[in-house]
Amino acid sequence: MGSDHYFSASPASADNLRTIMVRLAGRDVEVTTAGGVFSPDRVDAGTQVLLSNTPPPPPGGNILDLGCGWGPISLSIALDSPHATVWAIDVNERSLELVRRNASALGLDNIIAATPDEVPDDVAFRSIRSNPPIRVGKSVLHDMLLRWLPRLDERSDAWLVVQRNLGSDSLQRWLAATLDGSFSVHRAATARGYRVLKVRRHGTPATATITLP
């Protein structure tokens with residue numbers, strides 16, 4: 001794609017819409033994907049590991065899928081928790097359109113596909129589930145996590161899947177050192193070369209403390 005990445009806001013490549021069959025929330029469903037988004041031909045391995053190694057999502061409240069792509073995590077959460085509000089967040093407008101299209105096709109009216117700046121500041125989350133875009137670079141990734149993790153409700157969890165050889169262990173150490181004492185961070189699962197990190201918010205939501213170098 002040249003300079004056109006799945007984390008581009010407006011991919012310049014042709015969309016090349018395609019229909020694929022995937023298994024989400026224990027059922028086989030048909031979804032639409034396209035070029036210029038993350039893993040358009042399948043549910044990628046990291047997302048599969050995340051979905052297989054996290055507990056059922058909360059039955060209600062706001063749940064965040066950070067870096068939603070065409071929507072496998074958002075759709076799974078919405079299928080499992082029809083009374084929850086699922087925020088599918090991405091900077092890629094094509095991804096957001098695909099999430100809306102797939103949600104409509106599956107009869108899911110509890111997904112809000114939005115850019116990060118479209119999420120109201122007063123929305124807090126009962127859970128965050130994410131296969132974060134590691135390839136955006138460490139600085140951008142860190143800024144993204146410090147923007148959203150502090151918006152967890154108290155006694156709520158974020159679940160992040162990161163490939164081991166792309167820095168999962170160093171990210172775990174950084175999160176533990178950077179977030180304030182109301183958070184705990186540990187490795188919840190290891191599978192297929194991926195780590196699932198669990199970030200728990202124990203206290204009252206507040207701004208994370210950033211440890212400057």
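Mentor: Start with a definition: on a 1 Å grid over the protein atoms alone, a pocket is an open set of points with protein on both sides within 12 Å along at least five of seven lines, and its lining residues have an atom within 4 Å of a point. This is a predicted model, where local features need pLDDT of at least 70, side-chain atom pairs count only at pLDDT 80 or more, and totals for chains, interfaces and linings use all residues. Residues are numbered from 1 along each chain as its sequence is written, and side-chain values use heavy atoms, without hydrogens and water.

Trainee: Which residues line the second largest pocket nearest its centre?

Mentor: Of its 15 lining residues, Leu51, Thr54, Ser76, Asp80 and Arg129 lie nearest the centre. Helix α2 gives the most to this lining, with 4 residues. Helices (H or I, at least four residues) and strands (E, at least two) are DSSP runs, numbered from the N terminus.

Trainee: What makes α2 largely enclosed?

Mentor: Buried means under 20% relative accessible area, exposed over 50%, partly exposed in between (1.4 Å probe, protein chains only). In α2, 8 of the 9 residues are buried, so the helix is largely enclosed by the rest of the structure. Ser76 is among those buried residues.

Trainee: How do you know that β3 and β4 pair?

Mentor: Two strands pair if DSSP finds at least two bridges between them. Strands β3 (residues 61–66) and β4 run parallel and are joined by 6 bridges, so they meet the criterion.

Note on methods:
1 Å grid on protein atoms, 1.4 Å probe; cavity = no way out; pocket = protein on both sides within 12 Å on 5 of 7 lines; lining within 4 Å.
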